[in-house]
Amino acid sequence: MIKCEDVCVFEEVFLRNMGDTADGVEMPVRIETNFAPNVDRSLCDAKLELLVEIGNGETSEYPIYYKIRIAGIFKWENMSIEEAEKEISSEGSEILYSFIRTYFYEVLKKANLNTVVLPAIKNWYMITVW
């Protein structure tokens, strides 16, 4: 069993392409995870970092660009570090992603744009906005 002890947002970037008025634009979604167990193995905890990028910050090809890096501290009991890594990478990603969905929704709302609810974690390779 794993337990999320803490969540922290390390970075959040939102850029809007003011010249883009396209409707129904498909935007790529990129995700990276990084699992880092505590060096003191007796503590049975680890950090899982999740990076999500929507659009592309290098071009103005898309109406928006959004990037968020979030991390959670997860503890486990009665399992090996290998089992914990597998469970944290799966279930922990879903927990952190639920926070990201809320942050993304709120930033669009504050920018007075049509809000978009990010799809479930299994379907996040592409989203359509506007």
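Predicted model: local features only at pLDDT ≥ 70, side-chain atom pairs only at ≥ 80, totals over all residues.

Visitor: Which strand is joined to S3 by 9 bridges, and in what sense do the two run?

Guide: Strand pairing is read from bridges, and two strands pair if at least two bridges are found between them. Here the partner is strand S2, residues 25–37, and the two run antiparallel.

Visitor: How many bridges link S3 and strand S4?

Guide: There are 10 bridges, again in the antiparallel sense. S4 covers residues 64–76. For a facing pair, look at glutamate 49, which stands opposite alanine 71 in S4.

Visitor: In what order do the elements run from the N terminus on?

Guide: The order is β-β-β-β-α-β. That makes 1 helix and 5 strands.

Visitor: What share of the contacts with a separation of 6 or more comes from residues 24 or more positions apart?

Guide: Sequence separation tells you how far along the chain the partners lie. In this chain, such pairs account for 66% of those contacts.

Visitor: Now the surface. Which residues form a nonpolar patch there?

Guide: Ile95, Phe99 and Tyr103 do, with about 230 Å² of accessible area together. Tyrosine 103 sits in helix H1, residues 81–110.

Visitor: Why does tyrosine 103 count as partly exposed?

Guide: Partly exposed is the class between buried, under 20%, and exposed, over 50%. Tyrosine 103 falls there because its relative accessible area is 33%.

Visitor: Last topic: cysteines. How many disulfides are counted?

Guide: A disulfide is a covalent bond between the sulfur atoms of two cysteines. The test is a pair of cysteine sulfur atoms within 2.5 Å. By this rule the count is 0.

Visitor: Are cysteine 4 and cysteine 44 buried, partly exposed or exposed?

Guide: Cysteine 4 has 28% relative accessibility, so it counts as partly exposed. Cysteine 44 is partly exposed too, because its relative accessible area is 27%.

Key. Residues numbered from 1 in each chain as written. Heavy atoms only, no water. Buried < 20%, exposed > 50% of the residue type's maximum accessible area, 1.4 Å probe, protein only. Helix = DSSP H or I, 4+ residues; strand = E, 2+ residues; numbered from the N terminus. Patch = residues over 30% accessible without salt bridge, like charges linked within 9 Å, V, L, I, M, F, W, Y side chains within 5 Å. Areas by Shrake-Rupley, 256 points an atom, 1.4 Å probe, with all protein chains shown as cover. Salt bridge = Lys/Arg side-chain N within 4 Å of Asp/Glu carboxyl O. Contact = heavy atoms within 4.5 Å.
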